[in-house]
Amino acid sequence: MQPVVIEVKDVWFSYDDHLVLKDVNLAIKKGDFLALLGPNGGGKTTLLKLMLGILKPDRGYIRILGKKPSEVADRLGYVPQDTMINKDFPISVMDVTLMGRLGHIGRRWRYSKKDRLLAEQALDRVGMLNYRNHLIGTLSGGERQRVFIARALVANPEFLFMDEPTSSVDSQWQTELYELLKELNKTVTIVVVSHDISVLSSYVKSVACVAQTVYFHDSAEITQETLEKVYHCPIELIAHGVPHRVLHSHIDKDKDRNR
Amino acid sequence: MFDALHYEFMQNALFAGLLASVACGIIGTLIVVNRIVFISGGIAHAAYGGIGLAFFIGFSPLLGAVGFALAVAFIIAFISLKNKQRADTVIGALWAMGMGFGVILIDLTPGYNVDLMSYLFGSILTVPRSDLWLMIPLDVAILVIVTFFYKDFLAMSYDDEYAGLMGVPVKTLYFVLLALVACSVVVIIRVIGLILVIALLSIPPYIAEQFSRSLQGMMLISTLLNMVFTIIGLWLSYTFNITSGATIIMVAGTCFFLSTLLRSLRRKRIPETLKSAD
């Protein structure tokens with residue numbers, strides 16, 4: 001039995017007056033590969049950012065290894081969604097990757113040789129080493145995503161959080177990506193936000209459906225044959241009151257908890 | 001032009017222009033990539049309040065401008081971190097109020113101040129040596145701070161969320177950045193005036209961006225462009241006896257539109273090559 005390493009306890013969150021997450025409870029075990037599924041605007045990304053400490057909950061708390069996320073930030077890896085913030089920004093692939101070392105170099109004012117070596121290794125791992133001197137803005141969406149993964153890996157994280165890693169990625173790299181994640185998962189606890197579980201199917205160990213509240217389904221509930229149907233999870237969630245076809249009904253679970 | 005360099009005022013002018021170019025190139029680059037051109041405009045214009053205050057009380061106008069610009073920079077930094085949506089309105093208000101405050105104080109100051117226009121539109125040919133001695137430490141401060149926090153500024157400018165996650169003190173750095181903007185505004189006021197400051201802060205970095213492969217490269221190219229614009233502008237203004245600040249801006253502005261044209265031509269060419277590849 002693996003210990004719980006990420007604990008989300010009674011978390012509420014809203015943007016201004018808009019309630020996004022309501023009474024969320026989640027316990028993620030060491031070595032898990034958790035997929036956060038759910039409809040757009042259901043709060044998947046918000047939950048991910050709360051776990052990372054980028055956002056602070058209105059109520060409740062989040063603990064990673066028993067500490068606040070910000071206190072263990074140097075052990076977290078984060079791959080944000082590929083929203084091209086600033087395409088014209090003059091920054092090389094190497095410099096983007098090096099950002100991942102920022103949490104490890106203290107107040108040194110420059111990156112060391114070792115930092116550069118680690119960045120090169122991380123880029124090699126995602127097959128982007130040859131692009132190290134390219135400008136990030138000239139890459140395709142999929143290539144940019146690989147660089148963001150390298151940036152997360154360069155810190156040698158114990159936890160990896162990824163937001164929609166398969167959007168804007170070609171299918172060949174998708175397979176490579178999941179093989180890479182599978183390999184990483186031997187030592188790293190992984191949380192992935194996705195709206196599409198079909199490709200994730202053979203890799204994830206548990207699933208949490210996020211639609212304002214969170215319903216957790218652990219590995220025992222997921223078998224190869226049911227996964228195709230799990231994919232419908234978020235859709236059923238939107239229509240509240242419709243019982244789940246494969247997993248335990250969310251409604252029942254709710255009642256259990258209230259008892 | 002070279003004969004003119006024998007005059008002390010011309011030497012001062014050239015030196016002031018070069019000092020301003022360094023501040024503009026470095027801070028202008030950070031302004032452009034962080035998309036805070038409007039904020040910088042607010043700080044520059046509000047600095048006029050400090051000039052008015054200095055005239056009224058009777059101390060160095062540039063010192064007054066530094067103090068006032070810094071104060072406004074901190075207020076703006078605080079507000080824009082607190083409430084992003086409404087920040088532009090507040091900046092607009094501070095922008096105008098700073099100027100209004102300056103004008104009223106100058107009204108209340110006895111005597112006629114000929115010098116005033118020079119702070120609005122610059123007067124590089126009348127820069128006294130004493131102002132240079134204020135500009136040099138400001139330039140040095142900008143250079144030292146940006147060099148020391150370069151990787152943090154780079155991370156913050158490219159992806160502030162990730163930088164924050166990595167423990168970069170993004171909010172503090174934002175305050176520092178706006179303080180640096182305030183300092184560079186003051187360095188530049190003498191050269192082209194606070195109304196035109198924003199042009200030298202934004203035009204050269206914009207042009208430089210398309211030729212740069214790194215943020216420091218962009219800073220260097222912007223600085224060089226600023227020097228070229230200032231020297232050409234200065235030469236034209238001396239030769240034709242026209243206002244120096246405005247001339248420098250017109251030189252920069254012309255290059256701005258040429259480079260924009262170049263940029264759009266480059267962009268157009270890319271889809272065509274894609275088409276032929278199909």
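Predicted model: local features only at pLDDT ≥ 70, side-chain atom pairs only at ≥ 80, totals over all residues.
In chain A, 67% of the contacts with a separation of 6 or more are between residues 24 or more positions apart. The chain holds eight helices and nine strands. Of its 259 residues, 53% count as buried. Its accessible surface comes to about 12,100 Å², and carbon and sulfur atoms account for 48% of that area.

**Interface of chain A and chain B****.** Contact involves 34 residues of chain A and 26 residues of chain B. The two chains bury about 2,700 Å² between them, with 62% of this on carbon and sulfur atoms. On the side of chain A, the residues that lose the most area to chain B are A:Phe89, A:Pro90 and A:Trp109, which together make up 24% of what that side buries.

**Polar pairs across the interface of chain A and chain B****.** Six residue pairs are in polar contact here, both residues at pLDDT 80 or more. Three salt bridges are counted between the chains. A:Asp88 and B:Arg263 form a side-chain salt bridge, with an N to O distance of 3.9 Å. Elements giving two or more residues to the side of chain A that touches chain B are α1 (44-52), β5 (76-79), α2 (93-98) and α4 (141-153). Of these, α4(A) gives the most, with three residues.

**Helix α11 of chain B, residues 215-240****.** At 1.5 Å a residue, the 26 residues of this helix should span 38 Å, and the 37 Å between its end C-alpha atoms therefore agrees. Buried residues of α11(B) include B:Leu215, B:Met218, B:Met219, B:Ser222, B:Leu225, B:Asn226 and B:Phe229. An α-helix has 3.6 residues a turn, so residues three or four places apart point the same way. After α11(B) comes B:Asn241, with a positive phi near 55°.

Note on methods:
Residues numbered from 1 in each chain as written. Chains lettered and ligands numbered in written order. Heavy atoms only, no water. Helix = DSSP H or I, 4+ residues; strand = E, 2+ residues; numbered from the N terminus. Expected span 1.5 Å × (residues − 1). Buried < 20%, exposed > 50% of the residue type's maximum accessible area, 1.4 Å probe, protein only. Contact = heavy atoms within 4.5 Å. Areas by Shrake-Rupley, 256 points an atom, 1.4 Å probe, with all protein chains shown as cover. Buried area = accessible area lost by both parts, 1.4 Å probe. Salt bridge = Lys/Arg side-chain N within 4 Å of Asp/Glu carboxyl O. Polar contact = N/O pair within 3.5 Å; in protein donor to acceptor, adjacent residues only side chain to side chain.
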